[in-house]
Amino acid sequence: REGDLAVTRICVFGYEFGARDDKLKARLVQVGSLAKDLVEAFHAQEYQSKLADCTDRGMVVELVKTVHFRLLPAHGFAVSLEDSVADNARKVAQMQSFLM
C-alpha cells in the first residue's frame, strides 16, 4: 500500500555462517546496546514502582511506551510522542516483525 514500509524476514536453515562481516558485527553491537538500555530501564526502581501502581493492562502499555519513546530514538528508531497514533502503531508493527 502507498506509504507503507516494506518489511522482509528471511530464515535460513541448514547452513552455518563461518564468519561475520564488519556490518553484521556493528549491527550486533547496536542491538546489544539497545537491549542493555531497555533491560536497565525496565529494572530501574522508579519504573518498577510505577509498574506496581498500575491497575490495568492499559496503564502498563502506556508505561512501557514512556520507556520506548525515551530510548528508541537514541538507537536510531524514529518514534515520537508527537507522531500520530497510526504512525506509531505502524512502526511498532514493523519492529515486532523482527521478534517473530
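The legends below accompany an overview and several close-up views of a predicted model.

**View 1. Overall fold of the predicted protein chain.** The protein chain contains four helices and zero strands, and from the N terminus on its elements follow the order α-α-α-α. Of its 100 residues, 15% count as buried, and the accessible surface comes to about 8,300 Å², with 60% of that area belonging to carbon and sulfur atoms. Among the contacts with a separation of 6 or more, 47% are between residues 24 or more positions apart.

**View 2. Confidence along the protein chain.** The mean pLDDT of the protein chain is 84, and 88% of its residues reach 70 or more. Among the elements, H2 has the highest mean pLDDT, at 97, whereas H4 has the lowest, at 79. Where pLDDT is low, the predicted coordinates should not be read in detail.

**View 3. The largest nonpolar core.** This core has 11 residues, namely Leu34, Leu38, Ala41, Tyr47, Cys54, Leu63, Val67, Phe69, Leu71, Leu72 and Val79. Two elements, H1 and helix H3 (57–71), each give two or more residues to the core, and H3 gives the most, with four residues. Cys54, one of the core residues, is in contact with Met59, Val60 and Leu63 when its neighbours within four places in sequence are left aside.

**View 4. A nonpolar patch on the surface around Tyr15.** Ile10, Val12, Tyr15 and Phe17 together make a nonpolar surface patch of about 520 Å². Tyr15 is found in the segment before helix H1 (22–43). With a relative accessible area of 57%, Tyr15 lies over the 50% cut-off and is therefore classed as exposed.

**View 5. A salt bridge within helix H1.** A search of the whole structure finds four salt bridges, and one of them joins the side chains of Glu40 and Lys36, with an N to O distance of 2.9 Å. Both residues lie in helix H1, where Glu40 and Lys36 are four residues apart, about one turn of the helix. Glu40 counts as partly exposed because its relative accessibility is 44%, a value that falls between the 20% and 50% cut-offs.

View 6. Lys50 forms a salt bridge with Glu46, and the closest N and O atoms of the pair are 3.3 Å apart. Lys50 and Glu46 are both placed in helix H2 (residues 45–53), with a spacing of four residues, about one turn of the helix. The two partners fall into separate accessibility classes: Lys50 counts as partly exposed at 42% relative accessibility, whereas Glu46, at 56%, counts as exposed.

View 7. Asp87 and Arg90 both lie in helix H4 (residues 85–96), three residues apart, about one turn of the helix. Asp87 counts as partly exposed at 32% relative accessibility, and Arg90 is likewise partly exposed, with a relative accessible area of 25%.

How values were computed:
Residues numbered from 1 in each chain as written. Predicted model: local features only at pLDDT ≥ 70, side-chain atom pairs only at ≥ 80, totals over all residues. Heavy atoms only, no water. Patch = residues over 30% accessible without salt bridge, like charges linked within 9 Å, V, L, I, M, F, W, Y side chains within 5 Å. Areas by Shrake-Rupley, 256 points an atom, 1.4 Å probe, with all protein chains shown as cover. Buried < 20%, exposed > 50% of the residue type's maximum accessible area, 1.4 Å probe, protein only. Core = buried A, V, L, I, M, F, W, Y, C linked by side-chain atoms within 4.5 Å. Contact = heavy atoms within 4.5 Å. pLDDT = per-residue confidence, 0-100.
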